[in-house]
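Please look over the sequence and the structure before reading on. The briefing is meant for someone who has not seen them before.

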Amino acid sequence: MSGGLMALLDDVAALARVTAASVDDIGAAAGRASMKAAGVVVDDTAVTPQYVQDVSPARELPIIWRITKGSLRNKLIFILPVILLLSQFAPWLLTPILMLGGSYLCFEGAEKIWAKVSGHGAKTKTPVVQKGKDAEDTMVGGAVRTDLILSAEIMVISLNEVAGEPLLSRAAILLVVAIGITVLVYGVVALIIRMDDFGLHLAGRSSPTVQKIGHGLVKGMPGLLAVISVVGTAAMLWVGGHIVLVGLDELGWTAPYEAVHHVEVLVHDAVPGALGAALAWLTNTFFSAVLGLAWGAVLVLVWELLPFGKGGHEAEHAAHGAHEAQGEHHGKHSAAASPAAPSPAGSPGEDGGAPGGPSDPTPPADGGSTAAR
């Protein structure tokens, strides 16, 4: 009896060791997969704070929480099951899907640069809290849709690192990656957007040194958001261009990748040690970003020229605005040409002032008719 109990305990201990080793292996594999997706993670972290730049402080964290839940839903409900099925039954589809996502990132990055250079993106923004819940829902929906692309990139890149694992191990590793990266990205975003509030808290303390730190945090917030915007755009071009570059190589057009890789190797061999490796990585990053910008510019041009694209919508809005302006101009001339209708006695004027009517002998101050004004 005691021998059987000891054997059972030995089996339980062995099972626990195997389980612990499996957990360690999953954690290590998830860490390696996350590192390969680091570029998209930087992009995701840099892009998200832009959605709350013009939002009331009271709505910042609730909006980030809504985007976080949408991101988890994207990864766990939509992306994870699909890429696991594809990796099991149609792995050849993963590269084209990844390239589509990379092309979207190139398009987004090039479009931001075009809007900045051309001035088409300059417009007066109204805080979401002043626009109402519908505007906030629209903004959150747009953020979650952008996150869907970035999350798909993260998950597919991570999957490529563990493609040789069994199906259940792949699922467990990607589950850890999905939750861990989401918590990391949106946790950092929450800290960034609340940095000015923390600065105000420090500015109210009694210590002069702490007050200076607080004032510095508050003053540095606009600059930080500007830097984040630039980093986000650059990361879009870099990550998207690199995905397209590698995808073309895997699909058989090897010349672009081989040219970039050749220059990368030359830089690595020319400078010894860690500095050479860093410069080689920067070389690859630079050419990936250039490719991303070029490909994104082509996509933006096509989008601007298409009748259902951005250019078509802007032309339609411009024509509609001109038509409204012409109608308003015609209405003003009609009102000026017709005699002013007397207001009913005792009724307020248009501006909510004192009642007006034909018995009021006071002429307008500018010498014109009330209707013309």
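This is a predicted model: local features need pLDDT of at least 70, side-chain atom pairs count only at pLDDT 80 or more; totals for chains, interfaces and linings use all residues.

The protein chain has 12 helices and zero strands. Of its 373 residues, 31% count as buried.

**Overall make-up**
- Along the sequence, the pattern of the protein chain is α-α-α-α-α-α-α-α-α-α-α-α.
- Among contacts with a separation of 6 or more, 74% are between residues 24 or more positions apart.

**Nonpolar cores**
- The largest nonpolar core has 19 residues, and I83, M155 and L174 touch the most other members.
- At least two residues of this core come from each of α3 (57-89), α4 (94-118), α6 (133-161), α7 (167-193) and α9 (208-250).
- Another core, of 18 residues, lies apart from it and includes I67, V144, I154 and V177.
- Leaving out residues up to four places away in sequence, M155 touches K75, I79, L80, I83, L174 and A178.

**S288**
- Helix α11 (residues 273-305) contains S288.
- S288 counts as buried because its relative accessibility is 0%, and the cut-off for buried is under 20%.
- The side chains of S288 and H242 make a polar contact at 3.4 Å.
- Beyond its neighbours within four places in sequence, S288 is in contact with L237, W238, G241, H242 and L245.

**Salt bridges**
- The structure holds five salt bridges.
- One of them joins R59 and E136, with the closest N and O atoms 2.6 Å apart.
- Because R59 lies in helix α3 and E136 in helix α6, this pair ties together parts that are 77 residues apart in sequence.
- R59 is partly exposed at 28% relative accessibility, whereas E136 is buried, with a relative accessible area of 7%.
- D137 forms a salt bridge with R66, where the closest N and O atoms are 2.9 Å apart.
- This pair links distant parts of the chain, with D137 in helix α6 and R66 in helix α3, 71 residues apart.
- D137 is partly exposed at 25% relative accessibility, and R66 is partly exposed with a relative accessible area of 27%.
- A network of salt bridges links R59, R66, E136 and D137.
- R194 and D197 also meet through their side chains in a salt bridge, at 2.9 Å from N to O.
- R194 counts as partly exposed at 26% relative accessibility, and D197 counts as partly exposed at 26%.

Definitions and conventions:
Residues are numbered from 1 along each chain as its sequence is written. Side-chain values use heavy atoms; hydrogens and water are left out. A nonpolar core is a set of buried Ala, Val, Leu, Ile, Met, Phe, Trp, Tyr and Cys residues joined through side-chain atoms within 4.5 Å. Buried means under 20% relative accessible area, exposed over 50%, partly exposed in between (1.4 Å probe, protein chains only). Helices (H or I, at least four residues) and strands (E, at least two) are DSSP runs, numbered from the N terminus. Contact means heavy atoms within 4.5 Å. A polar contact is a pair of N or O atoms within 3.5 Å; within protein, one must be able to donate a hydrogen and the other to accept it, and residues adjacent in sequence count only if both atoms are side-chain atoms. A salt bridge is a side-chain nitrogen of Lys or Arg within 4 Å of a carboxyl oxygen of Asp or Glu.
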